[in-house]
Amino acid sequence: MAIRRCAALDSKYIFEYDVGMWTFGTMQVLRERDTGAMKTCKIVRKARLQFTSETMSRLRALMDLQHPHICSVTDVIEDREHFYIVTDFYSGGDVQDWMDRMDEGNWLQENTCAAYIRQALLAM
């Protein structure tokens with residue numbers, strides 16, 4: 001599944017492994033060359049998007065969103081065919097993955113649900 005990455009991405013990050021597919025393309029885990037920090041890279045083929053002219057400016061605007069309850073966009077790189085959206089890496093998957101792992105006998109306590117909803121609302 002690994003796709004050829006652009007030179008700008010390879011100059012800043014070291015490929016670690018493929019995560020899989022997401023709605024608009026593929027996901028990979030990278031290691032930042034300077035700091036060694038782990039990052040997640042979402043790769044979007046431009047051909048999948050209707051309007052690419054404003055996409056880069058909108059992605060750069062996402063970099064300004066900083067909050068403890070939001071997975072921050074830390075870098076955006078573009079080549080002829082793809083957008084590379086680099087975010088902080090968090091292990092454990094997303095909320096849907098977590099919910100899929102729960103079986104019929106495992107329910108969250110009300111105070112736990114309230115804490116998660118509070119975090120989501122604070123992020124908005």
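Two strands pair if DSSP finds at least two bridges between them, and strands here are DSSP runs of E with at least two residues, numbered from the N terminus (helices: H or I, at least four). We're working on a predicted model, where local features need pLDDT of at least 70, side-chain atom pairs count only at pLDDT 80 or more, and totals for chains, interfaces and linings use all residues. Residues are numbered from 1 along each chain as its sequence is written, and side-chain values use heavy atoms, with hydrogens and water left out.

**Exercise 1.** Work out which residue in β2 stands opposite tyrosine 17, then place the strands in their sheet.

*Solution.* Start with the pairing: β1 and β2 (residues 25–32) run antiparallel over eight bridges. Opposite tyrosine 17 you'll find valine 29. Now zoom out: the open sheet has five strands, ordered β1-β2-β3-β5-β4, with antiparallel pairing. β1 (13–22) and β4 (73–78) are at the edges with a single partner strand each, so one side of each has no neighbour in the sheet.

**Exercise 2.** Classify the aromatic pair of tryptophan 22 and phenylalanine 24, and find what lies over the face of tryptophan 22.

*Solution.* Rings of Phe, Tyr and Trp (its six-membered ring) pair if their centres lie within 6.5 Å; planes under 30 degrees apart are stacked, over 60 edge-to-face, the rest tilted. That rule gives one aromatic pair. The ring centres of tryptophan 22 and phenylalanine 24 are 5.4 Å apart and the planes sit at 70 degrees, so call it edge-to-face. Next, the charge test: NZ of Lys or CZ of Arg within 6 Å of the ring centre and within 35 degrees of the ring normal. Lysine 42 lies over the face of tryptophan 22, 4.7 Å from the ring centre.
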